[in-house]
Structures are given as structure tokens and as C-alpha cells.
Amino acid sequence: MTRIRLEYHGHVAYITLDNPPANTWTLASLRAFVQMMAELDGKPEIVALVIRGAGDRFFCAGADLKMFADGDSLHAAQVAEAFGEAFEALARFHGVSIAAITGFAMGGGLEVALACDIRIAEQQAIMGLPEASVGLLPCAGGTQRLTELVGPGWAKRLILCAEKVDATLAYEIGLVEEVVKVGCAWEAARQMASHAERQSPAALRACKRLINEGRRRPRDEALPMERALFLDLFQDANQQEGVAAFLEKRAPRWHYGRSDDIQGHGQREPGKQTQ
């Protein structure tokens, strides 16, 4: 069993990590995750993704260390590649990705949250990247994405000194965007996803692309790109629909085809799949 589930509700997808007792990653679940992200990539009508762990004690405790017990470097290479492929696919997701963190998010559990756009943590959540304490290192983006979020000082404390942070401190250092009461992360993530559903899907994709590109490009390259993508939106039917809806004081009726397939837009009702 892959111990991971993908479900759809409206224009939002939900992935649940469900590998008791700690929702750890296995090679099978990582590969299933890659397949799920490929499926989502083909669904422009899905504008938000929420990731959670089953239960309230663990969001995800990272990799199942039994995978590395025999010291087989070839198998380790497979696992590392699977981690990279899975979380890079998550980072490229065209919509808004939200991690609903309950309990412990350690190692690869924190790294999947780092690959999301937004992180919501419950008060009792504990986060860390303790890989070096077992002779490993965060190989699924942890050294890079954590540093980008919290700066090199805190990244070194979490990675080099194996410090763990609670939700309050994680919020203070910029690791998570919101802290909620125990039992409320799932609902908070659902509410945030519902806000994304109200946005023009084409504008949402363009804005996310600009934010991500701006982290990699010099400002004098990113600003012209911003203006260019603004003009590109005028080739998308949602631009006129959004303005018309505002002026007519009604909710917009969005088209969910990609901007490069504007002739074929039309809303598809998402189904439901369980892995």
C-alpha cells in the first residue's frame, strides 16, 4: 500500500499522508506522490492543494529510516531522486499549495511543507531537520528552502545543531505563515484554499510564477516580466469576466482552461481518486 490519498472537492485537491504511526515516507509513497502531482498538472481547474498528515500527533516524521539501514548507496540514490522529483513537482504546482501541519514535521516531513507555498501550523506542532544526527542530510530541498525562508543563521541552528522549533517560534522566524489552535489547521487550510478558488485561475498562475521568478532573477529582469504577464492576461477570457463581474457586483464565473488553450476553455467537474 502507498499510504497516501488524493481527493478532490470543487477546485481544491487534498493529499493526506497516512502511514501510521508517524506518516513516514517510503519509496512507494514518494513515487505515488509524483504520479499525483503529474495528475494535478493536467487539471487547470484545480487551483489549490492542501497537504496534511492523518491523525493529530504527526504531520510527517520524514523518511522511514529502515530504507537506509543496509547502507546500500544505490538504493539511497533511488530514494534521494524520488524525494527530489516529488518535492520539485510540488514546488512547480500551478496553484496555491498549503501545508496543514499538526504534531511533528521532521526531516522529509518538514521538507514537503517547505516545498509548499504556505504553511499553517497548529500550536502543538514541532518542526526540525535532524538528518545530520543519524549521519545524513536533508536532500529534498531542506538546506535550500529553509535557508531562503528563515535565513542562514536559523537554518544552521536547525540543520547543524539539530534544534527543533515549536509553532510559535516557527512563526516568529518566518518558517510558517500562521499558527492556529489544536485541531484547527485543516479547517484553516480549507478556508485559505477557498480564497484561492475566488481568484482568476490565469491570474493566480501568473502571480505565482512572478513571485517565484523574482526570487531567482535580478529585479531589472523581473519587473519587465511583470508587465509582460499583465498584458498576457488580456488574452485570457477571465480578464474581461473578472472586470465585468466586479462592475456588475456579482461573483465571477471563471474559465479553467490554461491561457495557452484559451479556445478550449470550459469548466470540468473534478472527480475523486484514492491511492
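Buried means under 20% relative accessible area, exposed over 50%, and partly exposed in between, with a 1.4 Å probe and protein chains only. The model is predicted, so local features need pLDDT of at least 70 and side-chain atom pairs count only at pLDDT 80 or more, while totals for chains, interfaces and linings use all residues. Residues are numbered from 1 along each chain as its sequence is written, and side-chain values use heavy atoms, leaving out hydrogens and water.

**Exercise 1.** Decide whether Val165 is buried or exposed, and list its contacts beyond the neighbours within four places in sequence.

*Solution.* Start by locating Val165: it is found in strand S9, residues 164–166 (strands are DSSP runs of E, at least two residues; helices are runs of H or I, at least four; both are numbered from the N terminus). Next, its relative accessibility is 1%, so Val165 counts as buried. Finally, with neighbours within four places set aside, Val165 is in contact (heavy atoms within 4.5 Å) with Ala125, Ile126, Met127, Trp154, Leu158, Ala170 and Leu175.

**Exercise 2.** Describe how strand S3 is covered and paired.

*Solution.* First, take S3, residues 48–53: five of its six residues are buried, which leaves the strand mostly covered. Then look to strand S2, residues 12–17, which pairs with S3 in the parallel sense over six bridges (pairing takes at least two DSSP bridges between the strands). Within S3, Gly53 stands opposite Leu17.
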